[in-house]
Amino acid sequence: MFEFVALYLVLYVWHAMGITIGYHRGLSHRAFFCSKAVEYLWVLPGYLAFEGSPIWWSTIHRAHHRHVDTPLDPHSPRYGVMYALTGWLNEKHYAPHIDPKLQAKDLLKDPIYRFLECDGNLMAGHALSFAINFAVRGVLWYFFGWQVALASLLAGFSVLGIPLMLNVVCHMTDLGYKNYDTTDDSVNVWWVALLAQGEGWHNNHHACPGSARSGMRPMEIDTSWWVISAMRKLGLVYRVNEAKHYSLMKRAVVVRMQKRQKIRQRLQHELLSVAS
Ligand SMILES: [Zn+2]
Ligand SMILES: [Zn+2]
């Protein structure tokens, strides 16, 4: 039993980092550069957590950042919690404003990602993902026994639920705190950060989406960032984009000042038009 739990935990972290380092910070935000071999090494555990096509995942995620918490956001809980949780997964086509040919050109160059994308047929892409995921567990069963296959399956399924839950919890202002004055509902939630290997520092992430580091303050543990830092030391990743707390604070102050100035200008304009 101990071996089973230990294996499950190791696989859980591996799959979760496939999402955080591979799908999210790597493919979706290009927060660092690396060789194709290293990229595939991290995308693989993401794909084996039933996460679907890397192109679909990244295109939807880029749309989330572009239209965050507006009606065009693919999964904002502002417009329905259940839809934001899983409802959006039932969409058979990309919405008209979401198009990988425009928003994920970089990923479409990769023949493996293109194959997994099934030419934009979302249901076929999901079906292929499930088929490959179960086939891999079948292979594990054949070579290493059912315990290994089951631990892998459970770890993959557990990780599947993490980004779905994060999309909702980390966009509900009552459930966390903000470090930065972003214009959206994103908040930092410590327990999501622990489960999602650093991704729960979601307000930090929305303040600087291109950063490979999401935990900004000393107690904001970001295990994915630790791994990226280690890979940088080993020369496996380079041109790592790392945001710092003080620079984000400085930028937030500037944004606040700009907002206040705009309000002042509008008021002045309104007063002048009333006076004349
Ligand atoms: Zn978000
Ligand atoms: Zn993101």
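This is a predicted model: local features need pLDDT of at least 70, side-chain atom pairs count only at pLDDT 80 or more; totals for chains, interfaces and linings use all residues.
Tutor: Helices (DSSP runs of H or I, at least four residues) and strands (runs of E, at least two) are numbered from the N terminus. Residues are numbered from 1 along each chain as its sequence is written, and chains are lettered from A and ligands numbered from 1 in the order in which they are written.

Student: Is Asp-119 buried or exposed?

Tutor: A residue is buried if 20 or more other C-beta atoms, placed from the backbone, lie within 10 Å of its own, exposed if 12 or fewer, and partly exposed in between. Asp-119 counts as exposed because it has 8 C-beta neighbours inside 10 Å.

Student: Where does Gln-197 lie, and is Gln-197 buried or exposed?

Tutor: Gln-197 belongs to the loop between helix 10 and helix 11 (202-207), and it is buried because 27 other C-beta atoms are found within 10 Å. For Gln-197, too, phi is near 55 degrees, a positive value in a residue other than glycine.

Student: How should I read the packing of helix 8 and helix 9, and at what angle do their axes cross?

Tutor: Axes are lines fitted to C-alpha atoms, for helices over the stretch in contact, and angles run from 0 to 180 degrees between N-to-C directions. The axes of helix 8 (residues 122-144) and helix 9 come within 7 Å, crossing at roughly 155 degrees. Angles under 35 degrees count as roughly parallel, over 145 as roughly antiparallel, 65 to 115 as roughly perpendicular and the rest as oblique. Helix 8 and helix 9 are therefore roughly antiparallel to each other.

Student: Which residues of helix 8 and helix 9 meet?

Tutor: Two residues are in contact if their C-beta atoms lie within 7 Å. By that test Asn-133, Arg-137, Leu-140, Trp-141 and Phe-144 in helix 8 meet Trp-146, Val-148, Ala-149, Ser-152, Leu-153 and Gly-156 in helix 9. The residues of this contact divide into seven nonpolar, three polar and one charged, where Ala, Val, Leu, Ile, Met, Phe, Trp, Tyr, Cys and Pro count as nonpolar, Asp, Glu, Lys and Arg as charged, and the others, Gly among them, as polar.

Student: What else can be said about helix 9, for instance where Pro-163 lies?

Tutor: Pro-163 lies in helix 9 (residues 146-169), and it is buried because 22 other C-beta atoms are within 10 Å. Although Pro-163 and Leu-122 are 41 residues apart along the chain, their C-alpha atoms are separated by 18 Å.

Student: Which residues touch the most other members in the largest nonpolar core?

Tutor: A nonpolar core is a set of buried Ala, Val, Leu, Ile, Met, Phe, Trp, Tyr and Cys residues joined through C-beta atoms within 7 Å. Of the 43 residues in the largest such core, Ala-16, Phe-32, Val-159, Val-189, Val-192 and Ile-228 touch the most other members. Helix 1 (2-28), helix 2 (36-47), helix 3 (54-66), helix 9, helix 10 (190-195) and helix 12 (223-233) each supply at least two residues, and helix 1 gives the most, with eight. Val-192, leaving aside its neighbours within four places in sequence, is in contact with Leu-166, Val-169, Cys-170 and Gly-200.

Student: Is Arg-213 buried or exposed?

Tutor: Arg-213, in the loop between helix 11 and helix 12, is buried because 25 other C-beta atoms lie within 10 Å. Leaving aside neighbours within four places in sequence, Arg-213 is in contact with Asp-222, Trp-225, Glu-242 and Ala-243.
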